[in-house]
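Here is a short briefing for a reader who is meeting this structure for the first time. Please look over the sequence and the model before reading the points that follow.

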Amino acid sequence: MLFLVAALLLLGVVLGTVAHAPLGFTVVAAVVIAAWLGIFALRERHARRRGTSAH
């Protein structure tokens with residue numbers, strides 16, 4: 001439960017920061033994060049297909 005509260009608090013801080021950031025910065029940050037998550041997902045999928053642990 002404490003983890004959920006901390007996650008919601010962090011989400012509120014991040015969304016509050018994004019609301020005051022310029023639109024161009026927000027879009028660039030969103031693209032960078034999306035690319036990072038996409039690369040991570042591809043690496044995880046590749047590691048699972050090979051049957052090895054990513055750790």
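Predicted model: local features only at pLDDT ≥ 70, side-chain atom pairs only at ≥ 80, totals over all residues.

**Overall form**
- The secondary structure of the protein comes to 2 helices and 0 strands.
- The radius of gyration is 16 Å, well over the 10 Å that the globule rule gives for 55 residues, and the protein is therefore more spread out than a compact globule.
- Taken along the principal axes, the box filled by the C-alpha atoms of the protein is roughly 45 × 35 × 10 Å.

**Surface and burial**
- Of the 55 residues in the protein, 2% count as buried.
- The protein exposes about 5,200 Å², and carbon and sulfur atoms supply 76% of that area.

**Helix α2**
- Helix α2 runs over residues 23-50, and its 28 residues should span 40 Å at 1.5 Å a residue, which agrees with the 41 Å that separates its end C-alpha atoms.
- Glycine 51 follows α2, and the phi of this glycine is positive, near 85°.
- Alanine 30 lies in helix α2, and at 45% relative accessibility alanine 30 counts as partly exposed.
- From C-alpha to C-alpha, alanine 30 and glutamate 44 are 21 Å apart in space, while in sequence they are 14 residues apart.

Methods:
Residues numbered from 1 in each chain as written. Heavy atoms only, no water. Helix = DSSP H or I, 4+ residues; strand = E, 2+ residues; numbered from the N terminus. Rg over C-alpha atoms; globule rule 2.2 N^0.38 Å. Buried < 20%, exposed > 50% of the residue type's maximum accessible area, 1.4 Å probe, protein only. Areas by Shrake-Rupley, 256 points an atom, 1.4 Å probe, with all protein chains shown as cover. Expected span 1.5 Å × (residues − 1).
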